[in-house]
Amino acid sequence: MDNVHIVTLGCHHCHGEHLHEVTYAGRLLASTLCSNCGHRIAKDLPGLRRAYIADVEHRILTKPGRMLRRVIHHPVSFARGLPGALLLKPAKMEAELRVLSGRR
Amino acid sequence: MSVHAGIVLAAGAGTRVGNSRNKVYLPLGGRRIVTWSLELFRQVAGIGRLVLVVRDSDRELVAEILDREFPDVPVDVVTGGDTRHESEHRALLHLADDIRRGEIDIVLVHDAARPLTPVRVVEEVLATAIRTGGAIPGLPVEDVAGVDEAGRISESDRTDLIRVQTPQAFRSAQLLAAYEAAAADGFAGTDTASCVERYQGVTVHVVAGDPRNLKVTYADDLFMAELMLAASGYKR
């Protein structure tokens, strides 16, 4: 999953529905930003970091099971996608760490 | 033997600016919002048919999501229309042959943007629809007041107002007939219940909704939804 998504959401600050940038750190919601008024809702960084570490632990523990499921159900697409996924992993991790450092 | 069918509406009749993605495809607790909504129906006994209504342009993404997050569960993906009513109609047309053969008893219609609906709500709506023909979940509206023509708070009793939620459930044959009659008339209801009431005269019963059954509409709702999922251990 990408860590930044652009969707239309309601904004309580400027009212009406506007494009929002929704940013994630891994599987966790980090912030939303209204493109119309710039109103930003964000989790506090120390809390987000704590939750992220717990989530990464969970992701690592469940990864073998998730990979096995994909190997069983879609061996071909799994094999095809694996090299690309491995190559992209460092960039994904870097994007997550950028969010956690407050630079995104 | 007949089953019940669950329709999840993800075609997004609401405002969509530019080429932004439908909010129901946002991740929430490791799965997309729409997946949580489908998962809800999967957990209710008797619902043996799932229909997901999407925009044509989202079909590729939806196939990928279902493959990754909802494997082993057959889901019929149907292209929706420009309005909620039209999307419901298309989903019903997709099920029409099975409905006419008596293979589908109750049809439940749910907003994909309500990922946290408690299973209890669906079970109660379903049980009531089986018994009476039609049911919707609703919450009493407590923070409204009537205002008279002079702008003064009215003394009138407001206990008759409810905030309507989904899923809404109806006997399939009546629901299909209502939408066929509405199509012939050019009528578009605001929700499922309004169409069935108008064309089939079904008395729609209200069962207790749930405050957790929030509809992701505002940016804040995403944070609230994630918090509630975390509190439940990311389980339904």
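This is a predicted model: local features need pLDDT of at least 70, side-chain atom pairs count only at pLDDT 80 or more; totals for chains, interfaces and linings use all residues.
**A helix pair in chain B**

Helix α5 (residues 172-185) of chain B packs against helix α6 (residues 192-200) of chain B at an angle of about 85°, and their axes are 8 Å apart. So α5(B) and α6(B) sit roughly perpendicular to each other. On the α5(B) side, the contact is made by B:Q174, B:L175, B:A177, B:A178, B:Y179, B:A181 and B:A182, while α6(B) brings in B:C195, B:V196, B:Y199 and B:Q200. Sort the residues of this contact by type and you get nine nonpolar, two polar and no charged.

**Strands around β4(B)**

Next up is strand β4 (residues 47-54) of chain B, with two of its pairings laid out here.

| Strand pair | Direction | Bridges | A facing pair |
|---|---|---|---|
| β1(B) (residues 3-9) and β4(B) (residues 47-54) | parallel | six | B:L9 and B:V53 |
| β4(B) (residues 47-54) and β5(B) (residues 76-79) | parallel | four | B:V54 and B:T79 |

What do β4(B), helix α2 (residues 59-69) of chain B and β5(B) make together? They make a β-α-β unit, and it's a right-handed one.

**Where the chains touch**

Chain A puts 21 residues into the contact with chain B, and chain B puts in 19 residues. On the chain A side, the elements giving two or more residues are β1 (4-10), β2 (17-25) and β3 (28-34) of chain A. That side of chain A divides into 11 nonpolar, eight polar and two charged residues.

How values were computed: Residues are numbered from 1 along each chain as its sequence is written. Chains are lettered from A and ligands numbered from 1 in the order in which they are written. Axes are lines fitted to C-alpha atoms, for helices over the stretch in contact, and angles run from 0 to 180 degrees between N-to-C directions. Angles under 35 degrees count as roughly parallel, over 145 as roughly antiparallel, 65 to 115 as roughly perpendicular and the rest as oblique. Two residues are in contact if their C-beta atoms, placed from the backbone, lie within 7 Å. Ala, Val, Leu, Ile, Met, Phe, Trp, Tyr, Cys and Pro count as nonpolar, Asp, Glu, Lys and Arg as charged, and the others, Gly among them, as polar. Two strands pair if DSSP finds at least two bridges between them. A crossover is right-handed if, with the strands pointing away from the viewer, the path from the first strand over the helix to the second runs clockwise.
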